[in-house]
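Try each one before reading on.

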Amino acid sequence: MAELRTELLVEYVDEQTPEQAPPFAGVERGSRRRKRQRNLLAVATVVAVATVATVVTQDVQRGAEPAAPAGTPTLGVLDDGPPPAQFKFGNTLMLLQKEIPVTAVRPVPGSPSVLQVEAPRSGGPGEGCYPHTMVRILDQDATKARIAAYRYVVAPDEPDGGECSKAQTGPVKVELDLRTAIGTRRIIAGTTGDRVLLN
């Protein structure tokens, strides 16, 4: 039985094996072609990895750099969401210092969506020169609106200059457009808590 298997195996190998081996030049060309394909694949992989690494590094560096300062705050444009960390007022760079309390809000007569928001003054130098107080709409829906006031200071490396108006007294008053009628909505002050100032 073992002889029969051996004979069948020999017969099969004879049928599958050509009479002559292929010429060496053909084998060599095939080997070079496969080697070239492996090298090209390796180079393409290295280039792809380097490209991805460069893009990721640039994105991380961009994220680490401070964002370009926004321009001068404009009513109804830059008053939604959290306050910017910095903005330019003309050529003067203003930096966010802290959240300050909102002391009062009043509807503006004749403007059903506009609030007059009051906050304390800092009494610091140059407060009449630059917009030191910004009021933001943090969140609003049909029943309430949450607002907060923030104090800004002139960046330390900015030259002291600009034309200053005379010193002002009393609270800072800033108009804030909610863009939908105030109606019976509750106006809540501050990023946390539920201190209701209106309704």
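Predicted model: local features only at pLDDT ≥ 70, side-chain atom pairs only at ≥ 80, totals over all residues.

**Exercise 1.** Find the order of the strands in the open sheet of 3 strands, then work out which stand at the edges.

*Solution.* Start with the order: β3-β4-β7, paired antiparallel. Next, count partners: β3 (104–108) and β7 (172–177) each have a single partner strand, so they are the edges, and one side of each has no neighbour in the sheet. Finally, zoom in on β4 (residues 111–119) and β7, whose antiparallel pairing runs over 6 bridges. In that pairing, A119 sits opposite V172 of β7.

**Exercise 2.** Work out how β5 and β6 are connected and paired.

*Solution.* Now the pairing: β5 and β6 run antiparallel and are joined by 7 bridges. For a landmark, take V135, which stands opposite A149 in β6.

**Exercise 3.** Trace the largest nonpolar core and see what V117 touches.

*Solution.* Begin with the core itself, which has 17 residues; V105, L115, V117, L176, L178 and I187 have the most contacts inside it. Two or more residues each come from β4, β5 (133–140), β6 (144–154) and β8 (186–189). Now pick V117: leaving out residues up to four places away in sequence, its contacts include V102, V135, I147, V172 and L176. Last, look for what lies apart from this core: another one, of 6 residues, including F87, M94, Y150 and Y152.

Definitions and conventions:
Residues numbered from 1 in each chain as written. Heavy atoms only, no water. Pairing = 2+ DSSP bridges. Helix = DSSP H or I, 4+ residues; strand = E, 2+ residues; numbered from the N terminus. Core = buried A, V, L, I, M, F, W, Y, C linked by side-chain atoms within 4.5 Å. Buried < 20%, exposed > 50% of the residue type's maximum accessible area, 1.4 Å probe, protein only. Contact = heavy atoms within 4.5 Å.
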